[in-house]
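This note is intended for a colleague who is new to the structure.

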Amino acid sequence: MKLSPEFLEKLAGAAIAEGLADAVYTKVPTPIGTLLVATTEKGVCRVSFEDEREDRVLAEMALVLGPRVLASDKALRDVRDAFEAYFEEGPHTFDLPVDLSLVHSPFRKKVLQRLRKVRSGTVVTYGGLAEKAGNPRAARAAGTACATNPVPLIVPCHRVVPSSGGVGSYGLGGPRVKQLLLDLEGAKVAPR
């Protein structure tokens with residue numbers, strides 16, 4: 001017997017209300033594909049692209065955050081609204097709290113915290129980001145922090161570009177998606 005989506009939503013809502021969820025996720029359709037967006041009590045902890053296997057993303061969250069990972073569109077309406085506004089209303093910076101519990105390296109965490117301050121419509125180089133995080137020689141480490149960023153878009157790793165010009169790479173989204181996001185935000189990138 002298959003349970004109805006309405007029943008599952010009601011069940012998830014009751015569990016969330018009782019504080020029984022370790023993380024809650026929803027799927028958000030966007031021009032760059034359907035994103036899986038998950039939150040904890042602290043904030044958004046994971047944003048994954050369609051190319052990432054959902055079962056792996058959920059298993060990773062369950063391993064680190066706890067096994068009670070629930071789906072709920074209703075509980076994450078404000079998160080869904082923020083993504084819709086980003087893609088429909090034009091460039092802005094997400095004003096959502098972030099939970100970096102899935103980031104294990106202190107330096108990577110610091111890089112991602114600094115990256116949140118890079119405003120929409122602007123870019124920073126990997127070396128510049130490393131410098132902002134307190135280690136100007138750690139451009140590669142800053143790149144690794146961006147490549148392993150669990151909350152892309154909200155922590156805008158698409159705003160980090162190589163000093164040699166061009167947009168560089170962008171994880172599973174690829175350079176095409178990175179360019180689309182930079183164009184959406186009106187960011188100017190030096191040609192390669």
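1. Residues 24 or more positions apart make up 60% of the contacts in the protein chain with a separation of 6 or more; contact means heavy atoms within 4.5 Å.

2. The model is predicted: local features need pLDDT of at least 70, side-chain atom pairs count only at pLDDT 80 or more, and totals for chains, interfaces and linings use all residues. Residues are numbered from 1 along each chain as its sequence is written, and side-chain values use heavy atoms, with hydrogens and water left out.

3. The protein chain contains seven helices and six strands, in the order α-β-β-β-α-β-α-α-β-α-α-β-α. Helices (H or I, at least four residues) and strands (E, at least two) are DSSP runs, numbered from the N terminus.

4. The C-alpha trace spans about 55 × 35 × 25 Å along its principal axes. Of the 192 residues, 47% count as buried, that is, under 20% relative accessible area with a 1.4 Å probe, protein chains only.

5. Helix α4 (residues 106-115) and helix α6 (residues 139-147) have axes that come within 9 Å and cross at roughly 75°. Axes are lines fitted to C-alpha atoms, for helices over the stretch in contact, and angles run from 0 to 180 degrees between N-to-C directions. The two helices are therefore roughly perpendicular to each other, a term covering 65 to 115 degrees. Phe107, Arg108, Val111, Leu112 and Leu115 of α4 meet Ala141, Ala142, Thr144, Ala145 and Cys146 of α6.

Definitions and conventions. Parallel < 35°, antiparallel > 145°, perpendicular 65-115°, else oblique. Buried < 20%, exposed > 50% of the residue type's maximum accessible area, 1.4 Å probe, protein only.
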